[in-house]
Amino acid sequence: MYKVALLIALSFCLALAKHEQYNGFVLYQVEVANEQQAQQVNALENQLGLDMWSHATPTRPGLVLVPGPMRQRFQRAIVATGAQYEIQVENVKEVLDLEDQLLAAASQRSNRTSGRLSFDTIHRYERVDAYLVELAQKYSTVSVVSGGKSFEGRDIKYLKISTTNFQDSSKPIIMIQSLIHAREWITLPATLYAIEKLVVDITDRDLVDQIDWIILPIANPDGYEFSHTNTRFWRKNRSTGHIIANICLGVDLNRNFDFLWGTLSSNSACSDTFHGSGAFSEPETAIIRNIVNEYRSRLELYLDIHSFGSLILYGYGNGELPANGLTLNVVGVRMAQAIDAVKWDSNPNYRVGNTALILYSVSGGASDYVQAVGIPLSLTYELPAYRNQQNSIAGFLVDPDFIEQAGYETWEGIKSGARFVLDYYRSKK
Ligand SMILES: [Zn+2]
């Protein structure tokens with residue numbers, strides 16, 4: 001009995017110790033009145049070494065994570081720019097504990113098991129990995145492929161979904177991936193929901209029959225698991241190949257692709273946007289490159305799903321438009337309208353545009369690379385950050401109530417893109 005009590009006490013202490021690294025961290029919302037203020041505020045990211053979750057623009061506030069000891073300095077810097085700040089979360093550790101509790105409680109309430117992965121919680125790598133294998137065993141339209149291993153040796157598996165076993169060369173292929181950035185947990189239900197609608201609960205038969213699908217739910221498994229077990233806001237992979245002074249490791253995989261590599265990203269291993277030692281230095285990005293190259297002749301649409309910001313973005317990250325920029329804009333707007341039609345009122349409408357023009361300049365991004373190698377339609381989604389006013393959950397934090405909705409509404413966007421592809425593909429034939 002004594003032992004049991006001790007164990008309970010110990011696990012309670014461990015639970016409390018979790019997220020200790022975020023104890024006292026403050027989450028600020030920053031509003032800027034003009035472009036000049038925006039530039040000054042966003043420059044604080046490098047000046048103060050802050051984790052800027054979203055950049056402030058004159059039309060939308062930004063969210064910034066600030067360590068407790070830096071809060072006075074940060075506030076003074078904001079005031080000096082003329083911008084305004086508001087504290088969203090006083091102590092981020094408390095909201096992280098709350099997120100754990102909400103997700104655990106939601107997963108206990110879940111009673112849907114029969115052959116599906118529930119949309120009540122955020123599933124871990126092993127569960128998703130096993131699910132992909134189960135689907136391939138159960139459904140003749142599905143095969144599961146390992147693209148290779150992550151830095152730490154986890155299989156990076158993807159599904160191929162096809163009624164013709166990928167043998168009909170007249171069909172277009174659509175590829176969707178999520179979780180290239182570890183902390184963007186809400187993106188996982190988007191790919192899992194697409195799998196559900198293409199395999200388990202088919203409501204749009206034409207999309208299953210006329211298109212071959214490649215779906216890669218966990219593009220960065222090492223970083224993803226680390227964001228569950230250690231550091232919730234981990235973004236990069238866990239590569240130690242570029243380690244500096246035993247402190248900084250990991251590469252931002254979405255800066256590691258071979259398109260303008262190293263020009264609009266960080267060369268510091270300590271940065272969250274560190275681009276690695278060379279294009280495709282990381283196994284995770286090489287795997288995506290290989291999939292794209294293998295299916296290049298029929299791949300018509302590629303979607304890289306991120307969070308957050310309610311955005312649909314297209315290339316290029318340096319502000320130059322691809323030759324079919326207008327088409328990218330049209331398909332992006334159609335997708336955005338399809339999502340907006342069913343989104344929750346509390347979330348903003350999606351915005352659509354070139355990455356550099358409506359977000360910021362970047363290089364080495366996955367969707368830019370895919371666009372540049374000749375895939376007609378390559379877009380990045382930034383899913384909404386659903387903010388529950390009652391519980392302070394914001395930004396990358398997941399409110400379990402939003403999980404299924406995130407999958408559902410994103411699928412509306414994907415469907416709209418898929419139908420565009422069918423029309424576009426046919427008209428080219
Ligand atoms: Zn991201």
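Which backbone nitrogen lies 3.0 Å from a polar atom of the side chain of Ser162? It is the backbone nitrogen of Asn165. The structure is a predicted model, in which local features need pLDDT of at least 70 and side-chain atom pairs count only at pLDDT 80 or more, while totals for chains, interfaces and linings use all residues. Residues are numbered from 1 along each chain as its sequence is written, and side-chain values use heavy atoms, with hydrogens and water left out.

The side chain of Ser162 also reaches the backbone nitrogen of Phe166, at 2.9 Å. A polar contact is defined as a pair of N or O atoms within 3.5 Å; within protein, one must be able to donate a hydrogen and the other to accept it, and residues adjacent in sequence count only if both atoms are side-chain atoms. Ser162 is found in the loop between strand S6 (155-161) and S7. Helices (H or I, at least four residues) and strands (E, at least two) are DSSP runs, numbered from the N terminus. With a relative accessibility of 4%, Ser162 counts as buried; the term buried stands for under 20% relative accessible area, exposed for over 50%, and partly exposed for values in between (1.4 Å probe, protein chains only). When neighbours within four places in sequence are left aside, Ser162 is in contact (heavy atoms within 4.5 Å) with Thr141, Lys171 and Asp212.

The zinc ion has as its protein donors His181 (ND1), Glu184 (OE), Glu184 (OE) and His306 (ND1), which lie 2.1 to 2.5 Å from it. Donors are N, O and S atoms within 2.8 Å of the metal (3.2 Å for Na, K and Ca); water is not among the atoms, so sites may look incomplete. Along the sequence, the spacing of the donor residues is H-x2-E-x121-H. Distant parts of the chain are linked by the pair His181, in the loop between S7 and H6, and His306, in strand S9, which are 125 residues apart. Both His181 and His306 are buried. The angles among the four donor atoms run from 57 to 144°, and the site is irregular. Four donors count as tetrahedral if all angles lie between 85 and 135 degrees; four count as square planar and six as octahedral if opposite donors are over 155 degrees apart and all others between 65 and 115, and anything else is irregular.

One disulfide (a pair of cysteine sulfur atoms within 2.5 Å) is found in a search of the whole structure. This disulfide joins Cys248 to Cys270, with an S to S distance of 1.9 Å. The link of Cys248 and Cys270 is right-handed, with 90° about the S-S bond. Cys248 is buried at 12% relative accessibility, whereas Cys270 is partly exposed, with a relative accessible area of 46%.

Several features of the backbone remain to be described. Most residues other than glycine have a negative phi, and most peptide bonds are trans. Leu179, which is not a glycine, has a positive phi of about 60°; Leu179 lies in the loop between strand S7 (173-178) and helix H6 (188-200) and is buried, with a relative accessible area of 1%. Phe280 likewise has a positive phi of about 60°, and its place is in the loop between helix H8 (221-229) and helix H9 (283-295). A cis peptide bond, with omega about 15°, joins Ser307 and Phe308. The peptide bond from Gly315 to Tyr316 is also cis, with omega near -5°.
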